[in-house]
Amino acid sequence: MTQFEIVQIVALIGWLILAVSAFAARGLNWKTSLRHALIWAVIITGLMLLVTMIR
């Protein structure tokens, strides 16, 4: 791993910690939010596959 890759990993971990802490501070429902995130992941993956097949 290069130094640049290590910096990227540390930055991604930092952003993840920031996002999770903001999510927890708002007191949102974890179960509903996870379900919505999975639904969006399926939609985006499906669209990406559709675009790849059309190409």
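Select G27 to begin: this residue follows helix 1, and its phi is positive, near 70°. The model is a predicted one, in which local features need pLDDT of at least 70 and side-chain atom pairs count only at pLDDT 80 or more, while totals for chains, interfaces and linings use all residues. Residues are numbered from 1 along each chain as its sequence is written, and side-chain values use heavy atoms, with hydrogens and water left out.

Next, select residues 3-25, which form helix 1. Its 23 residues reach 33 Å from the first C-alpha to the last, close to the 33 Å expected at 1.5 Å a residue. Helices here are DSSP runs of H or I with at least four residues, strands are runs of E with at least two, and both are numbered from the N terminus. The expected span is 1.5 Å times one less than the number of residues.

Move to residues 30-54, helix 2, where 25 residues reach 36 Å, close to the 36 Å expected. At the start of helix 2, display the side chain of N29: one of its oxygens comes to within 3.2 Å of the backbone nitrogen of K31.

Now show the rings of F23 and W30. Which arrangement do the rings of F23 and W30 adopt? Their centres are 4.4 Å apart and their planes lie at 65°, so the pair is edge-to-face. Rings of Phe, Tyr and Trp (its six-membered ring) pair if their centres lie within 6.5 Å; planes under 30 degrees apart count as stacked, over 60 as edge-to-face and the rest as tilted. A search of the whole structure finds one aromatic pair.

Select I39, placed in helix 2. The C-alpha atom of I39 is separated by 20 Å from that of T52, 13 residues apart along the chain.

Finally, display the whole chain, which has two helices and zero strands. Its C-alpha trace spans about 40 × 40 × 10 Å along the principal axes.

Notes. Polar contact = N/O pair within 3.5 Å; in protein donor to acceptor, adjacent residues only side chain to side chain.
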